[in-house]
Amino acid sequence: MKLAIVIMAAGKGTRLKSKRSKVLHEIGGKPLLTHVIASASRIVPPEDIYVVVGHEAAQVENAVKDTGVKFVHQTEQRGTGHAIQTAQEAVRGYDSLLVLSGDVPLLKPETIAELRDFHLGQQAAMTILTASPGDPTGYGRVLRKNVNSPEVTAIVEQKALTPEQQSVREINSGIYAFQAAPLFAHIDELTNNNAHGEYYLTDIAALLVKAGDRVAAFEAANPAEVLGANTIAEMMELDRVLRMETARNLMANGVTILRPETTVIDATVEVGADTVIEPFVQLLGETRIGEDCRVRSYSVIENSTIADKVLVRQGCVILDSKIETGALIGPFSHLRPGSEIGEGAHVGNFVETKKAKLGKGAKANHLTYLGDAEIGSGTNVGAGVITCNYDGVHKHRTLIGESVFVGSDSTLVAPLTIGNGAYIAAGSCITEDVPDDALALGRSRQTTKEGWATLKRRPEEKA
Ligand code: UD1
Ligand code: CA
């Protein structure tokens, strides 16, 4: 049996009121379509997956082309039935089709496999994946021959429900298995004589039944898996479900997440046991956090690697960076891409780093900018120190050795090298290299005028 998966993803998503294609809207940090393709790829290889694209087709293709799936172009979106008509040529040669919706992203591969197996077991022309959620409003309803029968007579869209049909709670998930031959034998019989003037794929159920073909229903065990995302509110509900699942998985592996409902954690994130994540933390992308860490509230960490026993205090932003064991970050530190914070190093409040490497035990505790810099182990960077890395045209590097003392409020004009064990006097503007163990002062000598203030207050005494 040759099986293909068709994913319908051409619609505009009018109910979203968005310029972007619906299937590119994200839940759990990834586009809806990416979730669907990931599940489909566990059932058939990507070359047997056909994505029907139309609205914003170029952007949609671009977003998922790395997966190796194929594309079918539905240039005018005349309904779900029309989407499958459009795919007919591309899927010629397959015996069976699984049809998925680009806007039903929580569907698990196990459920797709169960639908396929049930469909083959029933020898049905069409099998509909159904569910009975608490509130069926908005979904098409599935009419069975009788309550206990696997056989279906029709699918009725919400807007076409008769008063008696309003009580039917079993919904059409928009996911189906088909035998290709009967599907394509009857698909041209679809009409657009309905509320939206569209060719509904759902109407194929009654057409097949009329032709004497068997149409079956298979109810998903977990209705949450087949929820669709037609509005931003629905999408954010799915996002919540997905992220709560991620949080639960982390907690099952020994991570403490205080108030998980307030956190935003992508499914790609890994966290070690005995790490504590406080409320209102975001952990995004390819972030790895080790064991025994604590991430305090309001920190956002993206694509970063954090070793064990690291404390990230409140309000830090950490992007594309690496932090070694036992480091202390924050509160209110901004680690921009390419920051590498060494073992036991400290980065304190209002410190910004970019392409900056701090050695073991190095400290920059207050109000500092370190860009394109390398700071040796044990070096102390005083409050308010700035690396002047940009001359208006080019970026230059600042290299500071080990066990250096950089006095507060110094400006270090790159390119610049400061040797091991050197001292920089507070308030210096350093423009020349400093050798090992030297003291560099780059400021004007202080002038003190005794009695000057008294005279200013009582000028008559001047005479
Ligand atoms: C559809 C079903 C409904 C079911 C619901 C489940 C129909 C007529 N109705 O309704 O019974 O309960 O899904 O979520 O099918 N698409 C195309 N080309 C088009 C139109 C749509 O590719 O011309 C794609 C959309 O991008 C979307 C999917 O098909 O991914 C479903 O379309 P949508 O308009 O969201 O259908 P629903 O109204 O949700
Ligand atoms: Ca939908």
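Visitor: By class, what residues make up the lining of the largest cavity?

Guide: Keep in mind that this is a predicted model. The residues around that space include Met 1, Leu 3, Ser 96, Arg 116 and His 119. Sorted by class, the lining comes out as six nonpolar, two polar and one charged residues.

Visitor: And which elements give two or more residues to that lining?

Guide: Among the lining residues are Ser 96, Leu 97 and Leu 98, along with Arg 116, His 119 and Leu 120. Strand E6 covers 96–101 and helix H4 covers 109–122. The elements giving two or more residues are therefore E6 and H4.

Visitor: How much space lies in the largest cavity?

Guide: Searching the whole structure turns up one cavity of 30 Å³ or more. The space in the largest cavity is about 40 Å³.

Visitor: Is Asn 230 buried or exposed?

Guide: The cut-off for buried is under 20% relative accessible area. Asn 230 has 16%, so the call is buried.

Visitor: What distance separates the centres of domain 1 and domain 2?

Guide: Domain 1 runs over 3–226 and domain 2 over 255–440. Taken over C-alpha atoms, their centres are separated by 49 Å.

Conventions:
Residues are numbered from 1 along each chain as its sequence is written. Chains are lettered from A and ligands numbered from 1 in the order in which they are written. This is a predicted model: local features need pLDDT of at least 70, side-chain atom pairs count only at pLDDT 80 or more; totals for chains, interfaces and linings use all residues. Side-chain values use heavy atoms; hydrogens and water are left out. Domain bounds come from an automatic or database domain assignment. Helices (H or I, at least four residues) and strands (E, at least two) are DSSP runs, numbered from the N terminus. Buried means under 20% relative accessible area, exposed over 50%, partly exposed in between (1.4 Å probe, protein chains only). On a 1 Å grid over the protein atoms alone, a cavity is a set of points where a 1.4 Å probe fits but cannot get out, and a pocket is an open set with protein on both sides within 12 Å along at least five of seven lines; lining residues have an atom within 4 Å of a point. Grid points are joined across faces, edges and corners, and a volume is the space filled by probe spheres set on the points. Ala, Val, Leu, Ile, Met, Phe, Trp, Tyr, Cys and Pro count as nonpolar, Asp, Glu, Lys and Arg as charged, and the others, Gly among them, as polar.
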